[in-house]
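Dear colleague,

Please find the structure below.

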Amino acid sequence: MFYREAGDFKTSYVDDSQTFPIRVDRYGYYALLAVAFGVLPFLVNDYWVNAVLLPFLIYAIAAIGLNILVGYCGQVSLGTGGFMAVGAYACYKLMTGFPEINIFFHVILSGGITAAVCVLFGLPSLRIKGFYLAVATLAAQFFLVWLFNRVGWFYNYSASGQINAPERTVFGIAVTGAQNPPWAAYLFCLVFTVGCALIARNLTRGMAGRKWMAIRDMDIAAEIIGVNPLKAKLTAFAVSGFFVGIAGALFFSVYLGAIEVGEAFGINKSFLVLFMVIIGGLGSIFGSFAGAAFLVLLPVFLKNVLVGGLGWPTDLAAHLEFMIVGALILIFLIAEPHGLAQLWRVTKEKLRLWPFPH
Amino acid sequence: MKQTLKIAAIAALMATGPALADLTIPDTSYRTGPYAPNGIPFSDGYQDYFTLLNERDGGIGGERINLVECETAYNTEKGVECYEATKSAGNGALLYQPLSTGIAYQLIPKATADGIPLHTMGYGRTSAKNGSVFEWVFNYPANYWDAASHAITHILEQNGGDISGKKITLLYHNSAYGKEPIRTLEELGRKHGYELTTVPVDHPGQEQKSQWLQIRRDRPDYVIMWGWGAMNQVAVQEAVNIRFPMENFIGNWYSGAESDVRGAGAGATGYKTVTFHSLGRDYPLYDEIQRYVVDAGKAAGAGDQLGTVLYNRGLYAAMLAAEAIRTAQEIHGVSAINAAQLRDGMENLEMTEARMAALGLPNFGPEFKVTCENHGGNGYGAIAQWDAAADEFRLITDYFQSDQEIVSSLIAEDSAAYAAENGITPRC
């Protein structure tokens, strides 16, 4: 009744191929952007930004990056944590080496550096597939973490091996360091998240994305119809690395401010981002957001309800949190193996016909 | 997604609901994950001491303590979430003691910006001892570099003052925490002429076969360990397995709890650890805890940790915090102090033997006086040894001072670097 496309006429191909072809969707999207950019910055406090919004936005970027590789191109990767570490350390070296350049460009450059590293580790994908590739990227994960722990140059020879983000400003307002106003950190990450999502969306429905999907669906067939697997796979690794690198750079510089590579970018991080992609929905940009929201917001929400609301002991709540999140993951994957994105799609289909399904 | 956000908003509102007009102290504990065996006793001791003060004296100076617990699982991301969630609880958090070097590094700039003191007792950033650079951070009564020096001094005593040519291996948790002592041990090696090998163990440390194979091959005279959580238990077990002489295996004060050595059985007897406070439960304070806290059914956790090493450390941390609050109340003449006033209290804290005895903890820790320049005490520590038959750690030395010559110069160097990096002008 409310959600339908009747009367929404398209008169050109451009209209037909837009991201949100249904008017209600489009307006909803504009409204969401308006709230995110125009309203939320005035409402947020330290807690909201540092515990909820920043991790959500940053993990969403990482999930988009991994989704391009796993969901669109079908190359399984367990190296996300390592690649995020490349982004973080690239950003650190750039921030401390070239303090006069704006942090905005440092983050983008970190993405570029990560893309290069990611391509390097993507080379084996031309020969090995599936589980074997997963193991090769697992090697990247452990090698990169070991490298950043081992070579002093990466952490400027600090005694503890930690890297700390110095204060950097955009338009005179600090976005990194401890003195940054929460809204500035939020807006800085939001710009990157929206930008990455737009780029990813347009790449995946263009020629590059179609090539990736052809490789994913059947690489031999794709090769026969003229898709160059070398170019397709390596571009997927490069684009994925670019996003993951940006996520790593923001994770370090804006969100945490100080990083210990083994703890922040260990194998757990790779799995976390992979789970976001799988739960959100492989091959869906919306799914990346949904998965990130699910795995970032749900634990915080549960903690606040169980400890803050019900006053239960913290250890009991922490254990319950594991059980509830784990059970929900199982339930979601059994009920809808294609993830939250598919659930959302089905809901929309049903809503279109509601309340007259016949 | 929007739905989830909405629900989360309601939840966050609920979380920040009831505001109590008390002295609010967050307890960022970890009772889950691979570090829980160490996190639980510390947190139990920390909470029980404040419960005792509330039950027996009605708080400190008439103000009750409102303890807000938050689970970090020793994870920096959760630590940040906890900090942001608790910093404005009640009338504002007074003090943080995260019991995690990783989280401490996160919180140093944040707490400094927010004006909340941070007490990293025997952990965290060692150079925070230089109070003129680190205004809001305290690490009395001793720090990691002191601990490294304590271990070496003990080895020196064992060898009649000459350890040149000896081989010493540092087995460390591969993190900021584990790397802290390396520089000090290198400097001490230059001074005393021993040969240092460093062997890292990655988080969480359940797999150490290759490290102990290396130790077995190198045949070091002594092994010093900087471990935490599950890593300690595995290391002690491995040392027993390769029949390493346990009296030559020395842990720092975070590698010396009962849970670390019990698993290895009788073979662990002789294992040594550095400590900066006394052990056991033969103190008058324990009778009061039994009476007001345990018997009243108000003990934190399962109430089964009383008298363990880390429970005592939790008590000690809480006692120092309570004494700092008392000092702050005296200086400012108000009982409902705020975080800035507590900082003044911490900076003027003086722990004397008479005071500790009056609190029911005679001889519990070294005497020290905090000043603007010195936020880290005088670096006294002692060595304790495990006796599996008696199931206890026993002090085998008196408290002795670390090599101040080396430790002080390293602290001056590191804090000067931090000041230059962050544009801080030393205060005093």
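Two residues are taken to be in contact if their C-beta atoms, placed from the backbone, lie within 7 Å. This is a predicted model, in which local features need pLDDT of at least 70 and side-chain atom pairs count only at pLDDT 80 or more, while totals for chains, interfaces and linings use all residues. Residues are numbered from 1 along each chain as its sequence is written, and chains are lettered from A and ligands numbered from 1 in the order in which they are written.

Chain A brings 37 residues to the contact, and chain B brings 37 residues. On the chain A side, two or more residues come from each of α3 (46–72), α11 (261–264), α13 (285–309) and α14 (314–335); helices here are DSSP runs (H or I, at least four residues), numbered from the N terminus. The most, ten residues, come from α13(A).

As for α3(A), 25 of its 27 residues are buried, that is, 20 or more other C-beta atoms lie within 10 Å of their own, with C-beta atoms placed from the backbone. The helix α3(A) bends by about 40 degrees at A:Leu53, and A:Pro55, a proline, follows within four residues; the bend is the angle between axes fitted to the seven residues ending there and the seven starting there. Just after α3(A), A:Gly74 has a positive phi of about 75 degrees.

In α15(A), the buried residues include A:Gly339, A:Leu340 and A:Ala341. Among the elements that cover the buried residues of α15(A) are α12 (267–280), α13 and α14 of chain A.

Kind regards

How values were computed
Buried ≥ 20, exposed ≤ 12 C-beta atoms within 10 Å, placed from the backbone.
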